[in-house]
Structure formats: C-alpha cells, structure tokens
Amino acid sequence: MATDIELLHAWRGGDREAGGELFDRYFMALRRFFRNKVGDEFEELVQRTLARCVEGQTRFRGDSNFRSYLFGIAYNVLREHIRGRMRERGRSDDEHASVVDHGLPGPTTAVGLHREQRLLLEALRRLPLNDQVVLELFYWEQLDSGQIGDVLEIPRATVRSRLRLARERLRGHIDELARNPRELTSTVDNLDRWAADLRERWS
C-alpha cells in the first residue's frame with residue numbers, strides 16, 4: 001500500500017487516482033475537523049484544504065507527518081474563512097473568540113445524539129477557537145502533543161499547557177449548560193467516551 005507521501009507526490013505529478021485515494025483516506029477526518037466549527041459549510045473548506053495540499057502552497061516539512069501537515073493546512077483555511085466572515089460583518093478577528101462569537105453555524109444533524117454528546121459539542125463551540133481545535137485534535141484525531149504542536153506551530157510544552165487549560169474551560173461551559181448535577185457529572189466523568197462516540201458517529 002502506498003504511503004500518504006507517495007500518494008501526495010503522485011497526485012502532484014498528475015495521478016488522479018492517487019489523489020482520489022488520498023481524498024478517501026482523509027475526507028472524514030477533515031469533515032470532523034470543520035463540521036463543529038462551520039456546520040454544513042464544511043464541504044467547501046475540505047475541498048479548499050485538499051486543493052491547497054496538492055498545489056503545494058504550504059511546503060511539506062520532513063520533520064512532521066502528513067496528517068499533521070494536512071491539519072495544519074486545514075487550520076489555516078479555517079482561520080482565513082473566519083477572518084473573511086468578520087470582514088463581511090465589519091468586525092476584526094479576535095483570537096479569544098469562539099465560533100459562537102463569530103456567528104458560525106453549528107452542525108444541523110444532531111438527531112439521535114445523547115444529551116451528553118450535545119452538551120459536549122455546544123461546550124466545545126463556546127471555547128476560544130484555539131482551545132476547541134487543540135481538544136478536538138487530541139480527542140477526535142488522536143494526535144499527540146508533538147503532532148498538535150506541528151499543526152499549530154507551537155512547542156510541545158505549550159500544547160500540554162493549552163490542553164490542561166482548555167479542559168478546565170470546557171468543564172466550566174458544560175457546568176453552565178448542564179440542566180442538573182447528574183447530567184454534568186455524566187458528561188465530565190465520561191468525556192473520553194462521549195468524544196470517542198462522536199468520533200465514531202462522524203466517521
């Protein structure tokens with residue numbers, strides 16, 4: 001089986017089948033990355049990310065793996081999308097703002113989700129964008145601190161600090177949104193489980 005890098009080089013060389021295989025490997029991961037931040041607008045951003053990947057606008061560094069490289073492109077595409085929306089609304093981008101603050105739509109297909117899963121999704125959307133990204137890359141994409149650091153272009157130690165603070169903020173938002181102490185405890189104590197279930201559902 002060809003590696004991601006072999007497929008990428010072949011795609012850049014004009015091999016459309018290689019591009020299709022790479023697309024199949026990463027479409028669902030990119031869909032998850034964008035879906036809880038831009039709702040049903042995710043498809044355009046997935047296409048933009050893959051196009052930028054094949055065009056080589058962002059140089060691939062040999063010291064990172066392809067998955068980190070791809071999510072680094074996706075993260076930049078997301079930030080550009082948000083800045084564009086802010087310009088349309090006559091507002092400046094705020095790095096501490098959440099996707100809710102930015103007025104970005106959420107996922108519209110939440111049928112069948114447990115209440116705890118809905119709480120988790122909504123609490124994530126209320127976090128500053130960087131916090132939301134670092135948690136979703138950790139829980140949903142199962143990247144380690146070094147790989148997340150490659151995506152965000154920050155040191156590994158900074159990633160660990162952000163993860164800790166982001167979890168604390170997430171708990172605070174779940175606390176605000178929970179209807180009762182039992183719901184709060186069920187969501188917080190089983191965070192890994194609910195995150196894993198959502199990852200499976202969106203795969």
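Figure 1. E141 is buried, with a relative accessible area of 5%, in a model that is predicted rather than determined by experiment. The residue is placed in the loop between α6 and α7 (145-152). Once residues up to four places away in sequence are set aside, E141 touches A29, R32, R67, F71, E136 and R199. Two of these contacts are also salt bridges: R32 pairs with E141, the closest N and O atoms being 2.9 Å apart, and R67 pairs with E141, again with the closest N and O atoms 2.9 Å apart. Because R67 belongs to helix α4 and E141 to the loop between α6 and α7, this pair ties together parts that are 74 residues apart in sequence. Both R67 and E141 are buried.

**Figure 2. The salt bridge between R32 and E141, seen from the side of helix α2.** The closest N and O atoms of R32 and E141 are 2.9 Å apart. Since R32 lies in helix α2 (residues 16-38) and E141 in the loop between α6 and α7, the pair ties together parts that are 109 residues apart in sequence. R32 is buried, with a relative accessible area of 4%, and E141, at 5%, counts as buried because the cut-off for that class is under 20%. In general, side chains of opposite charge can pair when their charged atoms come close.

Figure 3. The structure holds 14 salt bridges. In one of them, R126 pairs with E122, and the closest N and O atoms are 3.1 Å apart. R126 is partly exposed, with a relative accessible area of 34%, and E122 is likewise partly exposed, with a relative accessible area of 27%. Elsewhere, salt bridges that share partners join D4, E21 and R25 into one network.

**Figure 4. The largest cavity and the residues that line it.** A search of the whole structure finds 1 cavity of 30 Å³ or more, and the volume of the largest cavity is about 60 Å³. The lining of this cavity is made up of L120, L124, L135, E136, Y139, W140, L170, L191 and A195. Two or more lining residues come from each of the elements α5 (115-125), α6 (129-139) and α10 (191-201), and α6 gives the most, with 3 residues. Sorted by class, the lining has 8 nonpolar, no polar and 1 charged residues. E136, which is among the lining residues, is also one of the residues that E141 touches.

**Figure 5. The largest nonpolar core, with L170 as one of its most connected members.** The largest nonpolar core has 62 residues, and those with the most contacts inside it are F33, F34, L135 and L170. Helix α4 (residues 66-88) gives the most to this core, with 11 residues. Leaving aside neighbours within four places in sequence, L170 is in contact with L120, A123, L124, L127, L135 and L191. In soluble globular proteins, nonpolar side chains tend to be buried together.

**Figure 6. Helix α5 and the elements that cover it.** Helix α5 is mostly covered, 8 of its 11 residues being buried. The buried residues are E116, Q117, L119, L120, L121, A123, L124 and R125, and they pack against α2, α6, α8 (156-177), α9 (181-189) and α10.

Figure 7. Q132 is found in helix α6 and is buried, with a relative accessible area of 0%. Neighbours within four places in sequence being left aside, Q132 is in contact with N36, K37, V99, L124, R125 and L127. The C-alpha atoms of Q132 and S98 are separated by 8.2 Å, although these residues stand 34 residues apart along the chain.

Figure 8. C53 lies in helix α3 (residues 42-55) and, at 1% relative accessibility, counts as buried. Not counting residues up to four places away in sequence, C53 touches L8, R12, F66, Y69, L70 and I73.

Technical notes: Residues numbered from 1 in each chain as written. Predicted model: local features only at pLDDT ≥ 70, side-chain atom pairs only at ≥ 80, totals over all residues. Heavy atoms only, no water. 1 Å grid on protein atoms, 1.4 Å probe; cavity = no way out; pocket = protein on both sides within 12 Å on 5 of 7 lines; lining within 4 Å. Points joined across faces, edges and corners; volume = space filled by probe spheres on them. Helix = DSSP H or I, 4+ residues; strand = E, 2+ residues; numbered from the N terminus. Nonpolar A, V, L, I, M, F, W, Y, C, P; charged D, E, K, R; others polar. Buried < 20%, exposed > 50% of the residue type's maximum accessible area, 1.4 Å probe, protein only. Contact = heavy atoms within 4.5 Å. Core = buried A, V, L, I, M, F, W, Y, C linked by side-chain atoms within 4.5 Å. Salt bridge = Lys/Arg side-chain N within 4 Å of Asp/Glu carboxyl O.
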